[in-house]
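Have the sequence and the model open side by side as you read.

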Amino acid sequence: MKTSKFMLILLCTPLLLMGNCKGKEAETAKGLKTLSGYFVKNDYSFDGDYACFVFDDKDSLTTYLGVGRTMSNNVDEPDFANDMVAAIACRPVSTSTEIVVTKIEKSGEAANVHFEVKTGDPISYTIQPLLVFSVSKDDSVRVVKFTTDNKIVKEIPLSTPNAK
């Protein structure tokens, strides 16, 4: 009997852990589509802890971001006609780091992008944390505010195609 309980626990544990992984996906903002295959260009210089961008076309995106195409990955192409495309980057670090958008909300003419930076263990190399994402375009939005730790870190008016 003890052996069968042990086997049941052994079989159910991976299922419970898989359920917890799905919970992590739910932490990201509703309606957000992550775009992969990009990196911050080497000539970009940070003027703070974070760099926040809003892109209105491919040319503005490739001014700051490079395409990291390899034989084994796909680069997600943004749909600039229907989506607002944005990015959040951190200074280079030597710890495992993840940028997560927790909520995007509209307040009047502003889109408020709330994000967290989750850090983990030290690593033996330097990485450039970056999150590129898109959400459905809303023509009434005139400014995008990027917020972390209840503090606005960047406010980008949409009349300016690419504010740093």
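This is a predicted model: local features need pLDDT of at least 70, side-chain atom pairs count only at pLDDT 80 or more; totals for chains, interfaces and linings use all residues.

## The second largest pocket

Thirteen residues, written here as 13, line the second largest pocket, and Gly-48, Asp-49, Tyr-50, Lys-151 and Val-153 are the ones nearest its centre. A pocket here is an open set of points on a 1 Å grid over the protein atoms alone, with protein on both sides within 12 Å along at least five of seven lines; a lining residue has an atom within 4 Å of a point. The volume comes out at about 200 Å³, taken as the space filled by probe spheres set on the points, with grid points joined across faces, edges and corners. β3 and β10 (151-157) are the elements that give two or more residues to this lining. Strands are DSSP runs of E with at least two residues, helices are runs of H or I with at least four, and both are numbered from the N terminus.

Residues are numbered from 1 along each chain as its sequence is written, and side-chain values use heavy atoms, with hydrogens and water left out.

Gly-48 sits in the loop between β2 (38-40) and β3. With a relative accessible area of 22%, Gly-48 is partly exposed; buried means under 20%, exposed means over 50%, and partly exposed is in between (1.4 Å probe, protein chains only). Gly-48 and Cys-90 are 42 residues apart along the chain, yet their C-alpha atoms are separated by 8.8 Å.

## β3 and its sheet

Four strands make an open, antiparallel sheet in the order β1-β8-β5-β3. β1 (33-35) and β3 (50-55) are at the edges with a single partner strand each, so one side of each has no neighbour in the sheet. The twist from one strand to the next averages 25 degrees, using lines fitted to C-alpha atoms and angles from 0 to 180 degrees between N-to-C directions.

The partner of β3 is β5 (residues 83-90), and the two pair in the antiparallel sense over six bridges. Strands count as paired if DSSP finds at least two bridges between them. Tyr-50 is opposite Cys-90 in β5, and Cys-52 is opposite Ile-88 in β5. Five of the six residues of β3 are buried, so the strand is largely enclosed by the rest of the structure. Over in β5 you'll also find Ala-89, which is buried at 0% relative accessibility. Ala-89 and Phe-39 are 50 residues apart in sequence and 9.1 Å apart in space, C-alpha to C-alpha.

## What about the cysteines?

How many disulfides does a search of the whole structure find? The count is zero, where a disulfide is a pair of cysteine sulfur atoms within 2.5 Å. Cys-52 has its closest cysteine sulfur in Cys-90, 8.8 Å away, which is too far for a bond. Both residues are tucked away: Cys-52 is buried with a relative accessible area of 1%, and Cys-90 is buried at 6%.

## β10 and the other sheet

β10 belongs to an open sheet of four strands with mixed pairing, in the order β6-β7-β9-β10. β6 (93-107) and β10 are its edge strands, each with a single partner, so one side of each lacks a neighbour in the sheet. β9 (residues 143-148) pairs with β10 in the antiparallel sense over six bridges. Val-143 has Pro-157 in β10 as its bridge partner.

The largest cavity has a volume of about 30 Å³. A cavity is a set of grid points where a 1.4 Å probe fits but cannot get out. Its lining consists of Tyr-38, Lys-58, Leu-61, Thr-62, Val-67, Glu-77, Pro-78 and Phe-80. Helix α2 (residues 58-64) gives the most to that lining, with three residues. By type, the lining of the largest cavity has five nonpolar, one polar and two charged residues.

Terms used
Ala, Val, Leu, Ile, Met, Phe, Trp, Tyr, Cys and Pro count as nonpolar, Asp, Glu, Lys and Arg as charged, and the others, Gly among them, as polar.
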